[in-house]
Amino acid sequence: MTYASVLWRIASLSLLAAALAGCGAIQERQKQDDAKWAATAPVEETSPPPPDGSIYHDMQNMELFNDARAHRVGDILTINLVESMQASKKSETTTSKSDKVNVGAPQILGQSLRIAGQSANSSLNSANSFDGAGSSTQSNQLSGQITVTVAKRLSNGGLLVRGEKWLTINQGQELIRISGIVRPEDIAQDNSVDSTRVADANITYTGRGTLNEANTQGWLAKFFNSKWMPF
């Protein structure tokens with residue numbers, strides 16, 4: 001076994017170890033991310049509320065005179081996805097510039113300077129122009145429904161909601177996640193709210209599995225298509 005082959009094997013093993021470590025780190029990060037998006041359970045009372053003369057308390061499930069709309073931690077809320085956005089941009093630039101300079105032949109003792117029988121006059125002409133145009137159009141649309149839970153009730157009455165939906169088909173998984181802040185006044189009688197009413201909305205629609213990997217560029221192809229590629 002030559003010295004070069006030994007170095008080649010060491011380099012190959014190092015690359016393999018780095019790739020396995022990277023895969024392990026990605027999987028661990030995905031597990032932590034999935035745990036963060038887990039459904040929020042309602043707060044359970046460890047002891048009965050202190051007697052204060054009231055027959056109703058907010059933590060009790062006694063919807064006697066109002067609609068069963070989400071207002072407590074752990075309550076369920078349906079979000080109607082009605083996202084539709086369009087953006088377009090167009091720009092045009094045109095510039096031009098021209099210069100012309102004529103310089104007469106210098107005179108020596110009252111006589112114009114001549115070189116090889118020709119007058120030493122000189123002239124300089126320059127012209128440049130630029131014409132550029134660009135346009136960009138982008139549109140996206142997302143419709144459907146996703147049911148989430150109330151993760152936190154803010155001091156101003158707003159509800160911090162968060163939830164996800166997984167759909168597994170054959171060897172692929174479709175994932176949609178949404179989080180944001182909802183005003184109780186915007187919740188309809190059927191306990192639903194449009195996504196356009198969700199403040200600070202964070203909507204993610206992605207996939208995992210074999211189908212998603214088949215539609216993803218490899219790391220080497222990403223390098224050749226990145227801004228770091230000099231050509």
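Here is a short tour of this predicted model, stop by stop, for you to follow in your viewer.

**The whole chain**

Start with everything shown as a cartoon. The protein chain has three helices and 10 strands. Of the 231 residues in the chain, 18% are buried.

Now select residues 172-182, which make up strand E8. Is this strand enclosed or open? Eight of its 11 residues are buried, so E8 is largely enclosed by the rest of the structure.

E8 has another strand to show you: select residues 199-209 for E10. E8 and E10 also pair in the antiparallel sense, this time over nine bridges.

**The salt bridges**

As background, side chains of opposite charge can pair when their charged atoms come close. The count here is three salt bridges.

Stay with E7 and E8 to begin with, and select Glu 164 and Arg 177. Their side chains form a salt bridge, with N to O at 2.8 Å. This pair links distant parts of the chain: Glu 164 belongs to strand E7 and Arg 177 to strand E8, 13 residues apart. The two ends differ in cover. Glu 164 has a relative accessible area of 24%, so it is partly exposed, while Arg 177, at 4%, counts as buried.

Now jump to Arg 72 and Asp 75. Their side chains meet in a salt bridge too, at 3.3 Å from N to O. Arg 72 and Asp 75 are both buried.

For the remaining stop of this kind, pick Arg 183 and Asp 186, whose closest N and O atoms are 3.0 Å apart in a salt bridge. Arg 183 is partly exposed, with a relative accessible area of 47%.

**The second largest pocket**

Rolling a probe the size of a water molecule over the atoms shows where empty space is left. The second largest pocket has a volume of about 160 Å³. To find it, select some of its lining residues, including Leu 81, Gly 144, Trp 166, Glu 174 and Tyr 205.

Which strand gives the largest share of the lining? E6 does, with four residues. Strands E6 (122-153), E7 and E8 each supply at least two residues of the lining.

**A nonpolar patch**

Keep the surface on for the last stop, and colour Val 101, Val 103 and Leu 124. Together they make a nonpolar surface patch of about 260 Å². Val 101 lies in strand E1, which covers residues 76-103. At 40% relative accessibility, Val 101 counts as partly exposed.

Notes
Residues numbered from 1 in each chain as written. Predicted model: local features only at pLDDT ≥ 70, side-chain atom pairs only at ≥ 80, totals over all residues. Heavy atoms only, no water. Buried < 20%, exposed > 50% of the residue type's maximum accessible area, 1.4 Å probe, protein only. Pairing = 2+ DSSP bridges. Patch = residues over 30% accessible without salt bridge, like charges linked within 9 Å, V, L, I, M, F, W, Y side chains within 5 Å. Areas by Shrake-Rupley, 256 points an atom, 1.4 Å probe, with all protein chains shown as cover. Salt bridge = Lys/Arg side-chain N within 4 Å of Asp/Glu carboxyl O. 1 Å grid on protein atoms, 1.4 Å probe; cavity = no way out; pocket = protein on both sides within 12 Å on 5 of 7 lines; lining within 4 Å. Points joined across faces, edges and corners; volume = space filled by probe spheres on them.
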